[in-house]
Amino acid sequence: MRDVVLVNQVCSSVTVAFDDAAVADYFDQQADAGLSPQQFGRVWFHTHPGVSPHPSGTDEATFARVFGPADWAVMAILARGGRWYARLGVHAGPGATRRLPVRVAWNEPFAGSDHATWLKEYETCVEQEDDWDEVDAFGERLFGLDLGVARSLWSCPTD
């Protein structure tokens, strides 16, 4: 993976809604640059606000819906505290899945590690919703719950 690109999206600590036009524009820009989707649209990287990096039911449904038709795709999740999960799904032929090892050199600078630019892109592309913040904090503080578990315990509105 050469680059991480953000598209316009609205997020809470447990939900995300991508701007469909922004995703389509990104795909168009990459195609205009001569790239195929296999070169730019096969890795879904996201974060979890709790300490568990394992995919939620929503993660699994989203991965199947969005990346299921692709011949291969990767889902990678970074949880609070630095724990990781990554999985390759191959959908061509008989298909297969495989957990991927993840190694992060947090302290190693690299070309493109321009944090000010990353922050500006984040502030431009990501609109935050606050609807889950109180539930998140309550579940984590009181019970040490993963947010997927907290969401299942409380009746909260979903998108």
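**Entry 1: hairpins**

I began with the hairpin of β4 and β5, which has four residues between the strands, and G81 in its turn has a positive phi of about 95 degrees. The model is predicted, so I kept to its limits: local features need pLDDT of at least 70, side-chain atom pairs count only at pLDDT 80 or more, and totals for chains, interfaces and linings use all residues. Residues are numbered from 1 along each chain as its sequence is written, and side-chain values use heavy atoms, with hydrogens and water left out.

For the elements I used DSSP runs numbered from the N terminus: helices are H or I of at least four residues, strands are E of at least two. Two strands pair if DSSP finds at least two bridges between them.

I then checked the pairing in the hairpin. Strand β4 (residues 72-79) and strand β5 (residues 84-90) are antiparallel and share seven bridges. A76 stands opposite A86 in β5.

The next hairpin is that of β5 and β6, with five residues between the strands, where G93 takes a positive phi near 60 degrees. β5 and β6 run antiparallel and are joined by four bridges. I looked up V90 and found its bridge partner in β6 to be A96.

**Entry 2: the two sheets**

I traced an open sheet of four strands in the order β3-β4-β5-β6, with mixed pairing. Its edge strands, each pairing on one side only, are β3 (43-48) and β6 (96-99). On average, neighbouring strands of this sheet are turned by 15 degrees against each other, direction ignored. Axes here are lines fitted to C-alpha atoms, for helices over the stretch in contact, and angles run from 0 to 180 degrees between N-to-C directions.

I also found an open sheet of three strands, ordered β2-β1-β7, again with mixed pairing. β2 (16-18) and β7 (126-128) are the edge strands and each pairs on one side only. The twist from one strand to the next averages 20 degrees. Strand β1 (residues 9-11) pairs with β7 in the parallel sense over three bridges. C11 has Q128 as its bridge partner in β7.

Helix α4 (residues 115-125) lies across β1 and β7 and runs at about 60 degrees to β7. Contact means heavy atoms within 4.5 Å.

**Entry 3: helix α3**

Which residues of α3 are buried? I listed D59, T62, F63 and F67. Seen down the axis of α3, these residues fall within an arc of 100 degrees, so they line one face of the helix. The arc is that of the directions from the helix axis to the C-beta atoms. Buried means under 20% relative accessible area, exposed over 50%, and partly exposed in between, with a 1.4 Å probe and protein chains only.

On the face of α3 turned away from its buried side I noted the exposed residues G57, A64 and R65. The buried residues of α3 pack against β3, β4 and β5.

I looked at T62 on its own, as it lies in α3. T62 has a relative accessible area of 18%, so it counts as buried.

At the N-terminal end of α3, S56 is the cap: a side-chain oxygen lies 3.3 Å from the backbone nitrogen of T58.

**Entry 4: nonpolar core**

Which residues make up the largest nonpolar core? I found seven residues in all: W44, F63, F67, A73, M75, I77 and Y85. Such a core is a set of buried Ala, Val, Leu, Ile, Met, Phe, Trp, Tyr and Cys residues joined through side-chain atoms within 4.5 Å. α3 (57-67) and β4 each supply at least two residues of this core. β4 gives the largest share, three residues.

I then followed F63. Leaving aside its neighbours within four places in sequence, F63 is in contact with W44, G68, A73, V74, M75 and R87.

**Entry 5: whole chain**

I counted six helices and seven strands in the protein chain. Along the sequence the pattern is β-β-α-α-β-α-β-β-β-α-β-α-α. Of the 159 residues of the protein chain, 27% count as buried. Among contacts between residues at least 6 apart in sequence, 50% join residues at least 24 apart.

How values were computed:
A polar contact is a pair of N or O atoms within 3.5 Å; within protein, one must be able to donate a hydrogen and the other to accept it, and residues adjacent in sequence count only if both atoms are side-chain atoms.
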